[in-house]
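Let's take a walk through this structure together, one region at a time.

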Amino acid sequence: MTEVTRSEREGWLRSLPSVDEVLGWEAVKALAGAYPRWALVECVRGFLEEKRQEILQGKKPAPMEEQLVSQELVEAARTRFAATLCRVINATGVILHTNLGRALLAPRAMERAQEIALYYSNLEYDLRGDLRGNRQMHVQPLLHELTGAEASLVVNNNAAALFLIINTVAEGKEVIVSRGELVEIGGSFRLPEIMKKGGALLREVGTTNKTYLSDYEEAMSPQTGLLLKVHTSNFRLSGFTAACSLGELVGLGRRYQVPVAEDLGSGAMVDLSLLGLPKEPLVKESVEAGADLVCFSGDKLLGGPQAGLILGRDDLVQRLGKNPLARAMRLDKLSLACLEATLRIYLQGEAMKEIPVLSALSAPLEWMEQRAQRLVEWMGPVARRAFAPQIEAGEAEAGGGSLPGVLIPTRWVTLRPSSLSVQWLEEGLRNGNPPILTRIKKGALILDMLTVTEEELGPIGNQLAYLANLA
Ligand SMILES: *Cc1c(COP(=O)(O)O)cnc(C)c1O
């Protein structure tokens with residue numbers, strides 16, 4: 001190794017451009033629109049400092065080509081200053097993927113949010129008089145129309161809705177729940193802990209697989225504040241089982257004058273058995289069965305924004321609204337705008353067509369077959385040789401704690417790279433722009449055509465072609 005002399009090093013250091021010089025280069029100036037000046041200055045400084053350190057360690061600097069340096073700066077600016085919350089392509093086949101943002105909104109619902117975001121609105125202002133309005137007035141009549149419920153309250157999410165119900169109706173009292181329904185909904189949201197935080201005492205009845213009405217009745221006492229039924233939305237009990245119907249619980253509640261609440265989890269508004277799927281309990285049916293309170297999510301099967309919807313008896317809903325916690329859980333105006341628009345789509349009978357969750361659930365298999373074929377075409381010959389795509393019949397899930405155990409027929413494009421690992425391919429797709437998220441099953445990479453759109457086939461095909469060239 002030849003020694004670098006001190007004067008050589010100093011010469012190299014002097015040859016480095018200044019920050020201002022680099023900022024003046026045409027290719028760098030072209031970046032100025034995309035990033036704030038201070039961000040670019042920071043990237044240029046970081047870049048030059050890196051070069052300086054390399055020189056001090058005796059490394060001869062490569063000639064500074066404007067084009068190459070700018071490309072490096074673009075990369076640096078992008079990793080440091082681009083938005084971290086970004087669009088991804090969901091090729092997992094999970095329609096309601098909690099980590100990928102759950103339900104996609106109907107475009108019409110999104111347009112409402114945009115208008116309400118850009119302009120002032122009558123959020124809490126009654127335009128018909130001098131009454132002080134209430135944000136609930138924008139969805140109350142719609143929910144009444146759709147479900148027959150006497151009253152309603154919407155909050156931030158269903159976890160909040162359930163907590164509000166327990167804390168308002170059963171604080172200092174017992175809540176009777178079947179052992180088969182003590183669910184963990186995700187993260188640390190477990191029913192026993194919610195009860196405790198809500199100030200109620202959990203009274204478990206029955207066994208994991210069987211709970212009879214007599215189990216509930218034996219647990220009734222003057223301490224009982226609520227009978228709670230929870231839809232076991234992220235698992236399915238099968239085999240030797242017995243559970244009480246909501247109607248039976250309502251009968252018991254009436255006899256003892258104890259309110260009955262049902263946490264429906266997903267809250268379907270349309271009958272999924274029309275699509276050949278197993279029947280999910282409908283919100284309307286729970287209201288008709290006489291539940292005093294019903295709650296469910298806005299962004300599961302309903303296909304709207306994140307929200308918790310509570311329906312039920314007017315006097316109870318009023319008490320919920322007066323709980324100081326209700327203010328801490330209130331739904332923001334953008335979600336409210338989306339929710340109102342989503343409910344109006346249901347009222348117009350256009351839900352199957354316009355609500356993305358429902359159109360995905362009802363999409364004909366031929367569409368997925370066509371998308372699979374088009375994707376294989378898009379990949380091009382190099383990627384086809386490298387990854388050996390095959391179109392296979394597969395199964396997708398609704399996800400998000402909806403329709404547990406239900407497999408939806410779909411088409412997969414499976415890839416089995418010949419020279420590189422399937423993990424490398426998965427990572428290469430995940431690092432795409434936009435990132436493409438897939439699954440690995442039995443050594444093959446799976447691209448599920450149920451959750452990708454027509455316009456996403458191009459970006460997937462291009463990224464696969466790019467990766468094939470690296471391979
Ligand atoms: C998903 C779910 C919740 C939580 O709903 P979020 O809207 O995610 O807060 C509560 N209960 C049940 C039964 C669920 O399935």
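What follows is a tour of some helices, strands and loops. One thing to keep in mind from the start is that this is a predicted model.

Let's begin with a pair of helices. Two packed helices are described by the angle between their axes and the distance between those axes. For helix 1 (residues 6-15) and helix 4 (residues 37-56), the axes come within 10 Å and cross at roughly 170°. That crossing angle is over 145°, so helix 1 counts as roughly antiparallel to helix 4. If you zoom in on where they meet, you'll find Arg9, Trp12 and Leu13 on the helix 1 side, facing Arg52, Ile55 and Leu56 of helix 4. Sorted by class, this contact has four nonpolar residues, two charged ones and no polar ones.

Now move on to strand 8 (residues 260-265). How many of the six residues of this strand are buried? Six of the six are, so strand 8 is largely enclosed by the rest of the structure. In a regular strand the side chains alternate between the two faces of the sheet. Here both faces are covered: on one side Val260, Glu262 and Leu264 are buried, and on the other Ala261, Asp263 and Gly265 are buried too. Strand 8 also has partners in the sheet. Strand 7 (residues 224-230) runs parallel to strand 8 and is joined to it by four bridges, with leucine 227 standing opposite valine 260. Strand 9 (residues 293-297) is likewise parallel to strand 8, again through four bridges, and there cysteine 295 is the bridge partner of aspartate 263.

Strand 11 and strand 12 are joined by seven bridges and run antiparallel; isoleucine 391, for instance, has valine 413 in strand 12 as its bridge partner.

While you're at strand 11 (residues 390-396), have a look at glutamine 390, which belongs to it. Its relative accessibility is 44%, between the 20% and 50% cut-offs, so glutamine 390 counts as partly exposed. Beyond its neighbours within four places in sequence, glutamine 390 is in contact with Trp412, Val413, Thr414 and Arg416.

Next up is helix 20, which has 14 residues. From first C-alpha to last, helix 20 reaches 20 Å, close to the 20 Å expected at 1.5 Å a residue. Its buried residues include Leu457, Ile460, Leu464 and Leu467. The buried residues of helix 20 pack against strand 1, helix 18, strand 12, helix 19, strand 13 and strand 15. Glutamine 463 sits in this helix and is buried, at 15% relative accessible area. Leaving out residues up to four places away in sequence, glutamine 463 touches Gly428, Leu429, Asn431, Gly432 and Ile436.

Let's finish with some backbone details. Most residues other than glycine have a negative phi, and most peptide bonds are trans. Asparagine 433 and proline 434 are joined by a cis peptide bond, with omega about 5°. Proline 434 lies in the loop between helix 19 (422-430) and strand 13 (436-437).

Arginine 102 has a positive phi of about 50°, in the loop between strand 1 (89-90) and helix 6 (107-118). Lysine 442 also has a positive phi, near 50°, in the loop between strand 14 (439-441) and strand 15 (444-448). Which of these is buried and which is exposed? Arginine 102 is buried, with a relative accessible area of 19%, whereas lysine 442 is exposed, at 86%.

Terms used:
Residues are numbered from 1 along each chain as its sequence is written. This is a predicted model: local features need pLDDT of at least 70, side-chain atom pairs count only at pLDDT 80 or more; totals for chains, interfaces and linings use all residues. Side-chain values use heavy atoms; hydrogens and water are left out. Helices (H or I, at least four residues) and strands (E, at least two) are DSSP runs, numbered from the N terminus. Buried means under 20% relative accessible area, exposed over 50%, partly exposed in between (1.4 Å probe, protein chains only). Contact means heavy atoms within 4.5 Å. Axes are lines fitted to C-alpha atoms, for helices over the stretch in contact, and angles run from 0 to 180 degrees between N-to-C directions. Angles under 35 degrees count as roughly parallel, over 145 as roughly antiparallel, 65 to 115 as roughly perpendicular and the rest as oblique. Ala, Val, Leu, Ile, Met, Phe, Trp, Tyr, Cys and Pro count as nonpolar, Asp, Glu, Lys and Arg as charged, and the others, Gly among them, as polar. The expected span of a helix is 1.5 Å times one less than its number of residues. Two strands pair if DSSP finds at least two bridges between them.
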